[in-house]
Amino acid sequence: FLFAGFVLLSPLTARSEFTDLSVITSKGYFSYSVGDDWSLVSMQTKPPKTTAVFQVPNPANKAARETARLSLMTFEVDSPVAMAALKKLLVRARAEAKQKTKYKQWQLYSRDVEEGNANYAIREACKQISGVCVMVRITWPRFRSSSESHDIQMEDLFRSALDSVTGGIGP
């Protein structure tokens with residue numbers, strides 16, 4: 001029986017500004033942490049592909065319209081449909097990446113894109129865990145007024161999101 005759901009767990013005791021979320025997969029689960037002040041933009045919980053998109057407020061300007069977005073996607077490894085969708089995303093990430101690196105068990109892809117009068121930084125990471133491939137993407141605007149420390153903060157937030165991803169096999 002295949003089912004998936006997002007379950008809100010109690011906030012982390014060590015980091016009270018974060019909340020753990022879990023996704024039930026066909027073979028187990030995976031969990032990750034999100035900021036308590038992040039807004040949920042969209043969520044699709046029906047397998048074989050799941051997606052959660054969060055808007056991350058800009059700490060330097062809470063009223064800013066353009067903010068970072070963090071997406072967490074899962075693709076069931078036993079599903080040809082899900083794996084085809086993942087492959088399509090990875091082909092694009094690899095082709096457009098200005099830098100390809102590794103972070104722990106994650107494959108990382110970094111690129112910058114221009115859209116309108118703004119530049120955007122895009123970081124994507126992928127790894128397999130608990131019967132799914134997990135892809136995490138963060139996108140943030142880079143304006144002329146953006147400081148270099150903002151990029152460093154976003155890179156740190158992205159790595160923190162990657163570090164929060166855990167999972168297990170079993171019921």
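Arg 111 is found in strand β8, which spans residues 106-115. The model is a predicted one. Within it, a search of the whole structure finds one cavity of 30 Å³ or more, and three aromatic pairs are present. Trp 38 belongs to the lining of that cavity and also to an aromatic cluster.

**Arg 111**

- Arg 111 counts as buried because its relative accessibility is 5%, where the cut-off for buried is under 20%.
- Ala 97 lies 14 residues from Arg 111 along the chain, and the C-alpha atoms of the two are separated by 4.9 Å.

**The cavity**

- The largest cavity holds about 30 Å³ of space.
- Its lining consists of Phe 18, Ser 33, Trp 38, Leu 157, Ser 160, Ala 161 and Ser 164.
- Helix α2, residues 148-164, gives the most to this lining, with four residues.
- Sorted by class, the lining has four nonpolar residues and three polar ones, and no charged residue takes part.

**Ser 164**

- Ser 164, one of the lining residues, is found in helix α2.
- With a relative accessible area of 14%, Ser 164 is buried, because the class takes in values under 20%.
- The side chain of Ser 164 reaches the backbone oxygen of Ala 161 at 2.8 Å; Ala 161 also lines the largest cavity.

**Aromatic residues**

- The structure holds three aromatic pairs. One of them is formed by Trp 38 and Phe 54, with 6.2 Å from centre to centre and 55° between the planes, and this pair is tilted.
- The Trp 38 and Phe 54 pair links distant parts of the chain, 16 residues apart. Trp 38 is in the loop between β3 (28-35) and β4 (39-44), while Phe 54 is in strand β5 (residues 49-56).
- Both Trp 38 and Phe 54 are buried.

**A charge over a ring**

- The charged end of Arg 159 sits over the ring of Tyr 103, at 5.1 Å from the ring centre.

Key: Residues numbered from 1 in each chain as written. Predicted model: local features only at pLDDT ≥ 70, side-chain atom pairs only at ≥ 80, totals over all residues. Heavy atoms only, no water. 1 Å grid on protein atoms, 1.4 Å probe; cavity = no way out; pocket = protein on both sides within 12 Å on 5 of 7 lines; lining within 4 Å. Points joined across faces, edges and corners; volume = space filled by probe spheres on them. Helix = DSSP H or I, 4+ residues; strand = E, 2+ residues; numbered from the N terminus. Nonpolar A, V, L, I, M, F, W, Y, C, P; charged D, E, K, R; others polar. Phe/Tyr/Trp six-rings, centres within 6.5 Å; stacked < 30°, edge-to-face > 60°. Buried < 20%, exposed > 50% of the residue type's maximum accessible area, 1.4 Å probe, protein only. Lys NZ or Arg CZ within 6 Å of the ring centre and 35° of its normal. Polar contact = N/O pair within 3.5 Å; in protein donor to acceptor, adjacent residues only side chain to side chain.
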